[in-house]
Amino acid sequence: MLAGCRQRISKKNQSLQMVNKLGRIYLLLSLCVVLVAPIGIPFSSTCSAQQNGPQPGVSYSQYTEAVTGTPYGVARIYWPAGQVTPNSSVRLIVSNPESRIFFPAVDTIPSEPKQPEKQPVGDRPRIAALVQRIRQAVNAAKDQIDPPELLRIQFLFTGTNPLKVVLSGDVEHQFEITPITTGAANNPGPKYADLHRSWWDGYVAQLQKQVERSDYPSIIENYLVYMLGNRFGFPTPNLVKDPKTKKKPQTDPLPTIELIAGIESLRAELHRETLAQPRDPNYDPTAIPLAPKWLDHHPPAVPVDLPIEKIATHVPSECFYVRFGSFANFMWFKDFGNSRGGDVAQLAIIRGLNYRTNVRLERMLNTKTTVIGKLFGDSIISDMAIIGQDLYLQDGPSMGVLFEAKNIALLRSSMQNDRNAAIKQYPDLGAKLDTLEVKGKKVSLLSTPDNQIRSFMVEDGNYLLITSSRKIAERFLEVSNGAPSLADSPSFRFARLTMPLSSEYSIFAYLSSEFFRNLVSPQYQIELRRRLKAIASIELAEIATQVAKAEEKVLSNTYAKSIEDLVAGGYLPPSFQDRFDGSQTLKYRGSWHDSLRGARGSFLPIADVELQDCTREEAAAYIDQASFYATKWQQTDPLMVGIRRFTDEQLPNVEKLVIEGYIAPLGREKYGWLSSMLGAPRQTTIELPPDDIIHLQGSLSGESPLGRQALDHLLFAGIKDLVPPIPGETKGLLATLRLLKSIPGYVGTWPSPGYLDRLPFGLGGGIPDAYGYSRTLFGLWRWQGSGFSIISFDRSIVDQCVSMVRPVEEEDFAQARLQIGDLKNSRVASFFNILSYRRAAQASRGNLMLLDVIQSQLQIAPEDSLKVAESLLDAKLQCSLGGKYELFSGKKATDRPSWTSTAWANSIAAYSRNPGMIGFDNEHAMPTANYRVPWLEWFRGAHLHLTQLPERLVLVGSVSMERLAPTETESTDEGKQPELPKMNLDVFSLPFQFFQGDKPKAGKQEEEKPKPQRRDF
């Protein structure tokens, strides 16, 4: 059957030509019928369509089969749905008014085309019969090209009575099935076994597609394949397309980054690990392994009297440090995030899930800014900073807010009033206020038993710290009593020489070497993996509870209220509670918690978890990490970032953010791959056409990972502000080439071809003609002359570049330069809008399909599905298209309610290029006229330079953005927003402002080489 499908696809072009010819004949004869009908020529009727057999892949007819069983029967339905493109996701909900259907699986399979009907031999056909035959021939030709797919609907069911099946979503239909009994209750026979195996294969395939095309964590899918596979004796599959292979020794920082970031692939792996854990695992305890042996930095000497802010003298050296300098700067940063979806992380793209990390941190620390605080913050606070040992905002961070007070009594009184109010605000969480003694000093602790609120308030002189971590409170007091602080660190002092106080940064962030070392310490790495497994256990317990509740009547079991009940019922593995650290998953106040760490989303900070020993497996994994860092990485380099705000003189509604980023001091050895790719910093750049909306230049080394040597050269590229063709799919080499051809841009090199001569498949072109042009097999144009080599798929773009490009000297040195214009009203913005819309639409639809999964797989009522989904994922579902999720009751009173988004309702006519197709074709979706990429709403251009110097890696530049709307915080006595200063500095001279010795010097070869002059070709 599949071979026949492939043959049909290969003949599609020839068949399309036949359809076009038959269509023209059909139209001509139809016109003749209209003309001759008044004359009285009689018409003949046609035969009814022939119904073929019930086998799938043969006919378009509906076919159903169902066999009863205990506790579940199995049913399978084939139904001709229509055309479904390969890239489409079909949203279908299978239900039954009596809730007798469980664990449905829906997929599409190709059908064999109908054979043309044979016409009876007889008299010459009349005109009407001839027209009808032509019409049938046209339809048959279409079916031969792309016959309609069959929906294969498989599910388990209860009972023996006739079953009503309701299909809703992208297709709406109803079926009536009468089950049959083929054997005894304990041995239903081979027919049942065949249907049962077919259901499992379809069920796994459906969940694999759901995981591949969705934006949310695949915790429900991973659980269901484990639980059902274990129950029915099927092997548990891995739903990830390319599962991780057997662990090998660590050769790069990626495994550590995955663990630190807690990315979804690692979370899915831990779900499977928790479910597949053997009973009574071998937890042979061993000592905590040693941390890597790090090499110390020796930064250049700095002046003894270098100005350092006082607040830094109270910050522990292992903490990250984000200083705002004033309360007003902090409120600007907070409002900046709130105006962009509530989280700075969503500036570029809005995902389908919003973890609301700002809200979590404010609740945990009890630092929500009140109206009074906004009005009087600057009058009682002279400086403030956020400090911490990690940034795990989603799961419970080790963080704090440090205030330098102008009036410590007023600040203390304000904070204490907020803490007293929290006792009344959160009585249901069990909030309480205690006084502890820490390092000989009284400390206030506002907390709840599940750590949703955990706020230590500690005071020292004019400094007040609010933190979630007792460890940070202890270290704060140690530093106040004379222990070394961040300000005492030579690396921090070097940072303040590089980025001085006089620059008055709105935000200054410093991540010390000690901070990075602490993140990869055994304390953090071992506990981090344990906390991720604890989160996985809570999520699995919640899903298992929902499934057990749904099956309560079917299996005549008691609704599981404890882990022991769920294990006994087969919903969780017997080893579920076996953990080396002794923690348990327990129910508290109606939801699952970790006995050691608290509620999900507000776990006990890692800094406060006491790590005494570990398993041999944990030790071996960490020793592998430590060996990599001790031998390959050796140093952790401090990272510093500064942001200043200026007004844009030409656009009063726009403000410029001047950004400086440094890695300094720089341990160059571990960045060998970067050093081998980048050439020396250059003062020479290429003057490019002024109508480029985006252009990039980079100084590249002749050393190549491909092993072919070349001369050092400048690589430059640009994109024109032209209306690009609609981008197509990007899977595969040819599809990627089609996408590249749709971009109106060019790439060039100077003074040698460099990487352009190394392009595969002959993309670099052949021997140029007398005018310097050549063309490749794929339609790529190339021009060579005067040391330049320029390629583009558009000949006119190459011609324009040839007449304009020339080398020029700039004031600063750099290895990479990026310039982006204002894209909001540009013509090329449509390209970004389309790509972003397709990604956002897929995420939005993925959330709707998640609600379908909860409704159909977990048997949750439609009106409760959203609440359950957000509880399972511990996040708020948000429509990435900007809409709002609503429950749609349907046009008829009998329709089953389902979830939709207001954004889909507004764009239903525009989301697919082929409305006749079933499902959502993400590869060809088109945005509505009013859709904009989220970042295009605020981004107004950027100019960035990257330079690697002997002691520093530097990124400097400016980003223009729409100014935020005035807020209460920014209001002055006159009710006006404070004016920003005009920019009066040369951004790109900043890397050399204090270190003239760092400034690169032009090499002899470059100085002696004659510089090409501009020519007209």
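Q: Buried means under 20% relative accessible area, exposed over 50% and partly exposed in between (1.4 Å probe, protein chains only); which residues of helix H9 (residues 357-365) are buried?
A: This is a predicted model, in which residues are numbered from 1 along each chain as its sequence is written, local features need pLDDT of at least 70, and side-chain atom pairs count only at pLDDT 80 or more, while totals for chains, interfaces and linings use all residues. Side-chain values use heavy atoms, with hydrogens and water left out. Helices (H or I, at least four residues) and strands (E, at least two) are DSSP runs, numbered from the N terminus. On these terms, the buried residues of H9 are Thr357, Arg360, Leu361, Glu362, Met364 and Leu365.

Q: Which helix and strands do the buried residues of H9 pack against?
A: Contact means heavy atoms within 4.5 Å. After H9 comes Asn366, whose phi is positive, near 60°. The buried residues of H9 itself pack against helix H8 (327-338), strand S13 (399-405), strand S16 (454-460) and strand S17 (463-467).

Q: Is Arg475 buried or exposed?
A: Arg475 is found in helix H12 (residues 470-480), and, leaving aside its neighbours within four places in sequence, Arg475 is in contact with Pro316, Ser317 and Glu318. Because its relative accessibility is 14%, Arg475 counts as buried.

Q: Which residues have the most contacts inside the largest nonpolar core?
A: A nonpolar core is a set of buried Ala, Val, Leu, Ile, Met, Phe, Trp, Tyr and Cys residues joined through side-chain atoms within 4.5 Å. The largest nonpolar core has 74 residues. Helix H15 (residues 522-550) gives the largest share of this core, 10 residues. Those with the most contacts inside the core are Phe103, Ile220 and Tyr223.

Q: What is in contact with Ile220, leaving aside its neighbours within four places in sequence?
A: Ile220 is one of the residues with the most contacts inside the largest nonpolar core. Leaving those neighbours aside, the residues in contact with Ile220 are Ile543, Leu850, Val853, Ile854, Leu858 and Leu872.

Q: Which strands stand at the edges of the open sheet of 3 strands?
A: Two strands pair if DSSP finds at least two bridges between them. The open sheet has the order S4-S7-S8, with antiparallel pairing. Each edge strand has a single partner strand, so one side of each is left without a neighbour in the sheet, and these edge strands are S4 (92-95) and S8 (173-177).

Q: Which residue in S8 does Lys164 stand opposite?
A: Strand S7 (residues 163-169) and S8 run antiparallel and are joined by 5 bridges. The residue in S8 that Lys164 stands opposite is Glu176.

Q: What kind of pair do the rings of Tyr72 and Phe102 form?
A: Rings of Phe, Tyr and Trp (its six-membered ring) pair if their centres lie within 6.5 Å; planes under 30 degrees apart count as stacked, over 60 as edge-to-face and the rest as tilted. The structure holds 35 aromatic pairs. The rings of Tyr72 and Phe102 have their centres 5.3 Å apart and their planes at 50°, so the pair is tilted.

Q: How many residues apart in sequence are the parts that this pair ties together?
A: Tyr72 lies in the loop between strand S1 (63-67) and S2, and Phe102 lies in strand S5 (residues 101-109). Tyr72 is buried, with a relative accessible area of 1%, and Phe102 is also buried, at 3%. The parts that the pair ties together are apart in sequence by 30 residues.
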